[in-house]
Amino acid sequence: MKRQKRNRSQKAYIHGYKAGVSGRSRDQCPSQDIDLREYWMSGWREGREDNWSGMTGIAGIHKNPRVL
């Protein structure tokens, strides 16, 4: 059975979320493409909100299971 690949925008969002939860700066966005950067930044924002809310580590798994 073939494994379905994620599209680039979803992948950028997940990487941005991981960066936000871990407390990294938004200046570390790796993409120069405006569309992918937008997805990365929205993931980063949500990740920062979760970080500030204390949803890090095990506490945050129920919040966004796609990040595993």
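Residues are described as buried under 20% relative accessible area, as exposed over 50%, and as partly exposed in between (1.4 Å probe, protein chains only). At 29% relative accessibility, Ser42 is therefore partly exposed. The structure is a predicted model, in which local features need pLDDT of at least 70 and side-chain atom pairs count only at pLDDT 80 or more, while totals for chains, interfaces and linings use all residues. Residues are numbered from 1 along each chain as its sequence is written, and side-chain values use heavy atoms, with hydrogens and water left out.

The secondary structure consists of 2 helices and 0 strands. These elements are DSSP runs numbered from the N terminus, with helices (H or I) of at least four residues and strands (E) of at least two. Of the 68 residues in the protein, 32% are buried. The protein exposes about 5,300 Å², and 50% of this area is supplied by carbon and sulfur atoms; accessible areas come from the Shrake-Rupley method with a 1.4 Å probe, and for residues only the protein chains shown count as cover. Contact is taken as heavy atoms within 4.5 Å. Among contacts between residues at least 6 apart in sequence, 67% join residues at least 24 apart.

Helix α1 covers residues 8-21. It has 14 residues and reaches 20 Å from its first C-alpha to its last, close to the 20 Å expected at 1.5 Å a residue. The expected span is 1.5 Å times one less than the number of residues in the helix. Ser9, Ala12, Tyr13, Ile14, Gly16, Tyr17, Ala19, Gly20 and Val21 are the buried residues of α1, and the buried residues of this helix pack against α2. After α1 comes Gly23, with a positive phi near 90°.

Helix α2 comprises residues 34-52. Its 19 residues reach 27 Å from the first C-alpha to the last, close to the 27 Å expected at 1.5 Å a residue. Buried positions in α2 are Leu36, Trp40, Met41, Gly43, Trp44, Gly47, Arg48 and Asp50. The buried residues of α2 pack against α1. Just after α2, Gly54 has a positive phi of about 90°.

A nonpolar core is a set of buried Ala, Val, Leu, Ile, Met, Phe, Trp, Tyr and Cys residues joined through side-chain atoms within 4.5 Å. The largest such core has 7 residues, namely Ala12, Ala19, Cys29, Leu36, Trp40, Met41 and Trp44. Helices α1 and α2 each supply at least two residues of this core, and the largest share, 4 residues, comes from α2. In soluble globular proteins, nonpolar side chains tend to be buried together.

Tyr17 lies in helix α1 and counts as buried because its relative accessibility is 4%. Ser42, a residue of helix α2, is 28 residues from Ile14 in sequence and 9.6 Å from Ile14 in space, C-alpha to C-alpha. Asn51 is likewise in helix α2 and is partly exposed, with a relative accessible area of 21%. Between Asn51 and Gly20, 31 residues apart along the chain, the C-alpha separation is 7.2 Å.

Arg48 is found in helix α2. This residue is buried yet has no salt bridge, a salt bridge being a side-chain nitrogen of Lys or Arg within 4 Å of a carboxyl oxygen of Asp or Glu. The nearest side chain of opposite charge is that of Glu49, 9.8 Å away; Lys and Arg count as positive and Asp and Glu as negative, while His and the chain ends are not counted. With neighbours within four places in sequence left aside, Arg48 is in contact with Gly20, Val21 and Gly23.
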